[in-house]
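My entries follow in the order in which I made them.

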Amino acid sequence: MDAYDIVKYPLVTEKSTELGAHNQYVFEVSTQANKVQIAKAVSEIFKVEVAKVCTINLKAEGRPFGSRARKRKARKKAIVTLKAGHQIDLAI
């Protein structure tokens, strides 16, 4: 798998922005990727050293949408902690 197939995009929310102060960044990742693959992909894309990776699996869930129910896809998020002195600029 390519690094850009593993790391889809960074999640920029209020909570993830607060984690940036602790040198942690949140990414949407492939559901098949493991922690080692995620760490290598982030290192390759952003040229940083990764200290730790925590993953969160979000199951598919149904949501009402008017008179029909829609199903949201299953997703996987990764919280990546960088080593001291490394930083990722996620300015949009």
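I began with Phe-27, which is buried at a relative accessible area of 0% (buried means under 20%, exposed over 50% and partly exposed in between, with a 1.4 Å probe and protein chains only). I noted that this is a predicted model, in which local features need pLDDT of at least 70, side-chain atom pairs count only at pLDDT 80 or more, and totals for chains, interfaces and linings use all residues. Residues are numbered from 1 along each chain as its sequence is written, and side-chain values use heavy atoms, with hydrogens and water left out.

Searching the whole structure for aromatic pairs, I found one. The ring centres of Phe-27 and Phe-46 lie 5.6 Å apart with their planes at 35°, so I list the pair as tilted (centres of Phe, Tyr or Trp rings, the six-membered one for Trp, within 6.5 Å; planes under 30 degrees apart are stacked, over 60 edge-to-face, the rest tilted). The pair joins strand β2 to helix α3 (residues 35–46) across 19 residues (DSSP runs, helices H or I of at least four residues and strands E of at least two, numbered from the N terminus). Phe-46 is partly exposed, at 28%.

I then looked up the largest nonpolar core, which has 19 residues, with Phe-27, Ile-38, Val-42 and Val-80 making the most contacts inside it (buried Ala, Val, Leu, Ile, Met, Phe, Trp, Tyr and Cys joined through side-chain atoms within 4.5 Å). Helix α3 gives the most to this core, with five residues.

Last, I checked His-22, in the loop between α2 (14–19) and β2 (24–29), and it counts as exposed at 57% relative accessibility.
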